[in-house]
Amino acid sequence: GCHFNAGETWQDSAHAWCIALRRALVANPVLTRLMTVEHRELVVEDANALLKSLTHQGLRKELALRACKALTHVVLGLCFTELQIPKDYQQRRRGKPNHIDVDDLLMANESDASATVPETFDQTICWTIAGISREEASS
């Protein structure tokens, strides 16, 4: 599973968890591509660790549960898509500075997916957490 350090706020913890889950998935691209419903328990364990952290940090349980579900789906979807990007992505990009293709939208000019968090991934996670924060504030 993924190991993450809880932050000072539930938002920081959620962000750290998303990054840790991404790292765990991207570190094992072959296993990730072969992941089936039978493997869901590994992700469920990770999501339950996040749920515990979020509720411990004051997010009400019902919203924390919905947040965990949403963040899990977002991270899995982004990672599965990212892992489908061809290995020669950066080489194909050279010579096309004013052209956007699908892989650009996913990787946001990152050269090593396992070492860094793509800008698109991070921005999507931040926007998702901001939406959860708005819901928390309105209830």
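The chain exposes about 8,400 Å². Carbon and sulfur atoms supply 56% of that area. I note here that the model is predicted.

**Entry: the whole chain**

I turned to the secondary structure next. I found 7 helices and 0 strands. Read from the N terminus, the elements run α-α-α-α-α-α-α. The chain has 139 residues, and 36% of them count as buried.

**Entry: α1 against α3**

How far apart are the axes of α1 and α3, and at what angle do the helices pack? I took helix α1 as residues 10-27. Its axis and that of α3 are 9 Å apart, and the packing angle is about 165°. The cut-off for roughly antiparallel is over 145 degrees, so α1 is roughly antiparallel to α3. The crossing of α1 past α3 is right-handed.

I then listed the residues that meet. From α1 they are Trp10, Ser13, Ala14, Trp17 and Leu21. From α3 they are Asp46, Ala47, Leu50, Ser53 and Leu54.

**Entry: serine 13**

I stopped at one residue of that list. Serine 13 is found in helix α1. Is serine 13 buried or exposed? Its relative accessibility is 0%, so serine 13 counts as buried. I set aside its neighbours within four places in sequence and looked at what remained. Serine 13 is then in contact with Phe4, Ala6, Gly7, Leu50, Ser53 and Gln57. Leu50 and Ser53 also stand among the α3 residues that meet α1.

**Entry: α3 against α4**

I moved on along the chain. Helix α3 covers residues 40-56, and helix α4 covers residues 61-82. Their axes come within 9 Å and cross at roughly 140°. That angle makes α3 oblique to α4. The crossing of α3 past α4 is right-handed.

Which residues make the contact? On the α3 side I noted Val43, Ala47, Leu50, Leu51, Leu54 and Thr55. On the α4 side I noted Lys61, Ala64, Leu65, Ala67, Cys68, Leu71, Thr72 and Leu76. Ala47, Leu50 and Leu54 were on my list for α1 and α3 too.

**Entry: glycine 58**

Where does glycine 58 lie? I found glycine 58 in the loop between α3 and α4. Its relative accessible area is 53%, so glycine 58 is exposed. I also checked the distance from glycine 58 to threonine 9. In sequence the two are 49 residues apart. In space they are 8.7 Å apart, C-alpha to C-alpha.

**Entry: the cysteines**

How many disulfides does the count come to? A disulfide is a covalent bond between the sulfur atoms of two cysteines. The cut-off I needed is within 2.5 Å, sulfur to sulfur. By this rule I counted 0 disulfides.

I checked cysteine 68. At 4% relative accessibility, cysteine 68 counts as buried. Cysteine 68 is also one of the α4 residues in contact with α3.

Conventions:
Residues numbered from 1 in each chain as written. Predicted model: local features only at pLDDT ≥ 70, side-chain atom pairs only at ≥ 80, totals over all residues. Heavy atoms only, no water. Buried < 20%, exposed > 50% of the residue type's maximum accessible area, 1.4 Å probe, protein only. Helix = DSSP H or I, 4+ residues; strand = E, 2+ residues; numbered from the N terminus. Areas by Shrake-Rupley, 256 points an atom, 1.4 Å probe, with all protein chains shown as cover. Axes fitted to C-alpha atoms, helices over the stretch in contact; angles between N-to-C directions. Parallel < 35°, antiparallel > 145°, perpendicular 65-115°, else oblique. Left-handed = near helix turned anticlockwise from the far one by under 90°. Contact = heavy atoms within 4.5 Å.
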